[in-house]
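Let's take a friendly walk through a protein model, with an eye on its rings and its nonpolar inside. Have a look at it before reading on.

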Amino acid sequence: MIADRIDAITRIPLDRLKAKPPAPRSVKIELTDQCNYACQFCSLKDREHDHKRVMSLDLFKGITAEMRAEGVEEIGLFYIGESFMAPKLLIECVRYLKSELGMPYVFLTTNGSLAHPATVKACMEAGLDSLKWSINAADDVQFAEVMGKPPRLFAQSLRNLRNAREIRDAGGYECGIYASSIQYDGDQAHQMSQMLERDVLPYVDQHYFLPLYGRMTKQTEERAAELGFQPTAGNQGRVGALVDPLPCWAVFTEGHVRVDGHLSACCFGADDQYDMGDLTKQTFAEAWNSDKFAALREAHIKKDITGTVCDGCMAYN
């Protein structure tokens, strides 16, 4: 199940708790920096340029071939942007990873509003192993407030989830269907529970909650309270299996590649301040164990990130 895979990444094994660890088992790659939502809690808003870029297929093939040669076993076809904004590329990437590279596990998280049946079926036929919906609104009102878009997209996302389950079951595809949600506070939590029971849980293999990670938002505490959530320290994994925020697992156990090919040290690294390497100029191995990345990991191991790029993270302030 998906929760077991998440826990395997967020818990740092001793053999990886070093300045220059082995290649990560899992890497997330941003196929496009576009998204049709404007979520209050998303780091995509940190970017100053227009979100219209798409990764070239040649770059994708080159870096994932290097990753597989280094021992990477899982590729997530998403990072910050919404991958269903580039459906043809998404399908081709799944096909390449499974048919040509023999990647053991290919997974995808989506807001679901653009996960139309034809594209979902094509991804499953190409060998997608896991498809997860990120569902973070309890109703139309909260959706419009938090996601900043018309409620019809919320209804479309739930409809697409039901369709995905029907497609998976009818076709006998070996693709897990999952969902995650931010764990809200107070009355929002109760409303969320009712919606999930009715519209989500009957159609997924597993659902889990996530805290609102502090790095995900620049909202004020007052604004967060209005929206029904309160940021927690750093990225501590999923609710029920939270880990200490320092050292941060994202620095040791999972790679994160932006649409421009830059390797980020942060799982919310929408801009370049956390860049540790450039995969258009370096191999994945060179960037993963660059001197810059090694120095940052040393600071995390010592639990003293003062003066590093991680110094401003809400996890430590």
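Is Phe-293 buried or exposed? Phe-293 is buried, because its relative accessibility is 0%, and buried means under 20%. Keep in mind that this is a predicted model. Its mean pLDDT is 89, and 88% of the residues reach 70 or more. One stretch to treat with care is residues 214-223, where pLDDT stays under 50. For that stretch the model has 26 contacts beyond four places in sequence.

Now for the rings. Searching the whole structure turns up 6 aromatic pairs. One of them joins Trp-288 to Phe-293, edge-to-face, with 5.4 Å centre to centre and 75° between the planes. Trp-288 is buried too, with a relative accessible area of 2%. Elsewhere, ring pairs tie Tyr-37, Phe-143 and Phe-154 into a cluster.

Some rings also have an arginine over the face:

| Arginine | Ring | Distance from ring centre |
|---|---|---|
| Arg-5 | Tyr-105 | 3.6 Å |
| Arg-297 | Trp-288 | 4.5 Å |

The largest one holds 88 residues, and Ile-29, Met-67, Leu-77 and Ile-135 touch the most other members. Helix H3 (residues 87-100) gives this core its largest share, 7 residues. Another core, of 5 residues, lies apart from it and includes Ile-2, Ile-6, Tyr-178 and Leu-210.

What does Ile-29 touch, leaving out residues up to four places away in sequence? Among its partners are Met-55, Phe-60, Ile-63, Met-67, Leu-77, Tyr-79 and Val-257.

Terms used. Residues numbered from 1 in each chain as written. Predicted model: local features only at pLDDT ≥ 70, side-chain atom pairs only at ≥ 80, totals over all residues. Heavy atoms only, no water. pLDDT = per-residue confidence, 0-100. Contact = heavy atoms within 4.5 Å. Phe/Tyr/Trp six-rings, centres within 6.5 Å; stacked < 30°, edge-to-face > 60°. Buried < 20%, exposed > 50% of the residue type's maximum accessible area, 1.4 Å probe, protein only. Lys NZ or Arg CZ within 6 Å of the ring centre and 35° of its normal. Core = buried A, V, L, I, M, F, W, Y, C linked by side-chain atoms within 4.5 Å. Helix = DSSP H or I, 4+ residues; strand = E, 2+ residues; numbered from the N terminus.
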